[in-house]
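Student: I have a structure open and would like to learn how to read it. Could you walk me through some features?

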Amino acid sequence: MGKLRAGLAAVAAAGLLGACGTSEGAENAAAQVPTTSSTTATTTTTTAVAPVVQTTTAAPTTTTTTVAPTTTTTKPKPTTTKPKPKPTTATPKPGPSEGTPCSAAARACIDLSANQSWLLSGGKVVYGPVPITSGRPGYLTPPGTFRVQWKDIDHKSSEFDDAPMPYSVFFNGGIAFHQGSLKVKSHGCIHLSAAAAKQFYNSLKVGDTVQVVR
């Protein structure tokens, strides 16, 4: 009973000292309180950590080398040799045809002064001379070199009252060889006999050369 009282008094004294804020009294009081020891079992947990293997895969490196094309320029060597000039072949002008006052290039020849006409081939006479009559004063037949333009076997003059002009071979506008009087002068045409007119008509072609000389 006496021990119980002594214990209660000690507890009361510890409570008063704690209320005043002095820790020294508390520590002394705590020293006097019997201590109860507790043993706590410590559990150790071992966790096995798998080793981390790091694999680094390096991307293959591709190196592309582009070789620039090589261009070789060869300059032509200057030519010092001058080209030889080609020989010039002059085309000789045709000379006079044999037996006529006209050029050998003519296919038909008319001599107004002699009142004659010829057919030629290659500068040679193939028909003639034959008699002709030509233009009267005011309608004189002009001299010159012409070409056959067109032909009409049964032509009639539109200018002179449909006058017949058989076997007409026109070589200078309205001037033509044709069948006509060998006694009467014409209006510029060349009159031929019927036989000669047929021969001239059948022999001459469009484009043939007709030469008239005075």
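Student: Which residues does UniProt list for "active site"?

Tutor: UniProt lists His178 and Cys189, in an unreviewed entry. UniProt positions are given in the numbering used here, feature names are shortened, and annotations may be inferred rather than shown by experiment. Please keep in mind that this is a predicted model, where local features need pLDDT of at least 70, side-chain atom pairs count only at pLDDT 80 or more, and totals for chains, interfaces and linings use all residues. Residues are numbered from 1 along each chain as its sequence is written, and side-chain values use heavy atoms, leaving out hydrogens and water.

Student: Where is histidine 178 found, and is histidine 178 buried or exposed?

Tutor: Strands (E, at least two residues) and helices (H or I, at least four) are DSSP runs, numbered from the N terminus. Histidine 178 belongs to strand β7 (residues 175-179). Buried means under 20% relative accessible area, exposed over 50%, and partly exposed in between (1.4 Å probe, protein chains only). With a relative accessible area of 5%, histidine 178 is buried.

Student: What about cysteine 189: which residues does it touch?

Tutor: A contact means heavy atoms within 4.5 Å. Not counting residues up to four places away in sequence, cysteine 189 touches several residues, including Thr133, Ser134 and His178. Cysteine 189 is found in the loop between β7 and β8 (190-192) and, at 9% relative accessibility, counts as buried. Serine 134 sits in another loop, between β3 (124-131) and β4 (144-147), and is buried too, at 6%.

Student: How is a pair of aromatic rings described?

Tutor: By the distance of the centres and the angle of the planes. Rings of Phe, Tyr and Trp (its six-membered ring) pair if their centres lie within 6.5 Å; planes under 30 degrees apart count as stacked, over 60 as edge-to-face and the rest as tilted. By this rule the count is 6 aromatic pairs. In one of them, tyrosine 127 and phenylalanine 200 have ring centres 6.2 Å apart and planes at 75°, so the pair is edge-to-face. Tyrosine 127 lies in strand β3 and phenylalanine 200 in helix α3 (residues 194-203), so the pair ties together parts that are 73 residues apart in sequence.

Student: Which residues form the aromatic cluster?

Tutor: Tyr127, Phe146, Phe171, Phe177 and Phe200 form one aromatic cluster. Within this group, phenylalanine 200 is buried at 0%, while tyrosine 127 is partly exposed at 23%.
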